[in-house]
Amino acid sequence: EVGEPFKEEKAVAKYLRFNCPTKSTNMMGHRVDYFIASKAVDCLLDSKWAKAKKGEEALFTTRESVVDYCNRLLKKQFFHRALKVMKMKPDKDTKKEKEKGKAESGKEEEKKSKKESGKDEKTKKEKEKKKDGEKEECKKDETPGTPKKKETKRKFKLEPHEDQVFLDGNEVYVWIYDPVHFKTFAMGLVLVIAVIAATLFPLWPAEMRVGVYYLSVGAGCFVASILLLAVARCILFLIIWLITGGRHHFWFLPNLTADVGFIDSFRPLYTHEYKGPKADLKKEEKSESKKQQKYDSEEKSDSEKKEEDDGKTEATRNSGTDGSGGERHSDTDSDRREDDRSQHSSGNGNDFEMITKEELEQQTDEGDCEEEEEEDTESRPSHEKS
């Protein structure tokens, strides 16, 4: 037979009830509070009963002693052991989810095929930029202090356990003992006294009654002034909005009716916004300037790359000319002109040049003249020898 609890047991249970971390859930259609056994043991080991007094031994010295004492409390029905039962989803929901997943996968494949056809038209630079952005985001996510994504918690319900024993670990125990906290008791007592005092208002002294009357009038005037201000600011906004044709938005005490503190509701005094054609033009100019900056940066990067390529080609040519000094003198005028044209095209940043028909004819005429001159030079020394 289990007897009535002693004063010490009640004190320990009360301490454990208000100091041990608890959570609430549903059990047999009722809302209950439960705690975990290991946290209850830690809580009692940090209590005053774990410290030895003068001439007395400590009540809780080890975890085993705490477990034995909690078994006594369980037998005296301060709490009871419960079992966690996970809630399973019905088969209908799983089937629906599978069908939705298949439909979504088909839609995603269609979207991917469309995106791939569009991506072929884009340049490789955009892909590299996206990769760099993803890497930076990953680094930011890995940095300490960043909030992690919320993990989905599985729902469960509690059911009474067959074996009613207190065990140190992750076992769940539901509270039966529910004493009234001192704070709730004090608040209820103050509320009862205030109601009784209000009913005895005619018996108050004359000076107190006059003071309460003026206080109530002042409070009523304050509430009425706030309501009038709220209406007046709306009327003022409408008048300015109609006169300016919706271009000027002027609010007096914009945070008066907002969900903020008492002092913050009166700050700032006013706000003014201009929403006309000039504002739209400014926004467009800002967007255009940003786009131009991006294009300029891309063009600069392209020009720098081309300059590097030109420098490499010139270096290879110089090395070739240094190694073979005799060959430099043996180059014909046509080769030199081709080099000049290639340098001219690389300086302009283009690989090819558009040549008109007149320039082509001039070049062919010049080539023919050069060939005739070479033939003349070859024929002259032969005549001189003869």
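This is a predicted model: local features need pLDDT of at least 70, side-chain atom pairs count only at pLDDT 80 or more; totals for chains, interfaces and linings use all residues.
Residues are numbered from 1 along each chain as its sequence is written, and side-chain values use heavy atoms, with hydrogens and water left out.

Let me start with the strands; helices (H or I, at least four residues) and strands (E, at least two) are DSSP runs numbered from the N terminus, and two strands pair if DSSP finds at least two bridges between them. Strand 1, residues 23-27, and strand 2, residues 30-36, are paired in the antiparallel sense over 5 bridges, and within that pairing Ser24 has Asp33 of strand 2 as its bridge partner. The hairpin of these two strands has 2 residues between them, and Met28 there takes a positive phi near 55°. Strand 2 also pairs with strand 5, again in the antiparallel sense, over 3 bridges, with Tyr173 in strand 5 as the bridge partner of Phe35.

Next, consider Ser47, which lies in the loop between helix 2 (37-45) and helix 3 (63-75). Is Ser47 buried or exposed? With buried meaning under 20% relative accessible area, exposed over 50%, and partly exposed in between (1.4 Å probe, protein chains only), Ser47 counts as buried because its relative accessibility is 2%. A polar atom of its side chain lies 2.5 Å from the backbone oxygen of Leu44. If we leave aside the neighbours within four places in sequence, Ser47 is in contact (heavy atoms within 4.5 Å) with Tyr15 and Phe60.

I turn now to the salt bridges, each defined as a side-chain nitrogen of Lys or Arg within 4 Å of a carboxyl oxygen of Asp or Glu. How many salt bridges does a search of the whole structure find? The search finds 9.

One of them joins the side chains of Glu9 and Arg72, at 2.8 Å from N to O. This pair links distant parts of the chain, with Glu9 in helix 1 (residues 7-19) and Arg72 in helix 3, 63 residues apart. Glu9 counts as buried at 1% relative accessibility, whereas Arg72 is partly exposed, with a relative accessible area of 39%. Glu9 and Arg72 are also linked with Lys76 in a network of salt bridges.

Arg63 deserves a moment as well. Its salt bridge with Asp42 has the closest N and O atoms 2.7 Å apart, and this pair links Asp42 in helix 2 with Arg63 in helix 3, 21 residues apart. Arg63 also meets Asp168 in a salt bridge, at 2.9 Å from N to O. Because Arg63 lies in helix 3 and Asp168 in the loop between strand 4 (156-160) and strand 5, this pair ties together parts that are 105 residues apart in sequence.

Finally, the surface: Val180, Phe182, Phe185, Leu189 and Ile193 make a nonpolar patch of about 570 Å². Patches are made of residues with over 30% relative accessible area and no salt bridge, nonpolar side chains (Val, Leu, Ile, Met, Phe, Trp, Tyr) being joined within 5 Å and like charges within 9 Å. Val180 is found in the loop between strand 5 (172-175) and helix 6 (182-199), and Val180 is exposed, with a relative accessible area of 59%.

Key
Accessible areas come from the Shrake-Rupley method with a 1.4 Å probe; for residues, only the protein chains shown count as cover. A polar contact is a pair of N or O atoms within 3.5 Å; within protein, one must be able to donate a hydrogen and the other to accept it, and residues adjacent in sequence count only if both atoms are side-chain atoms.
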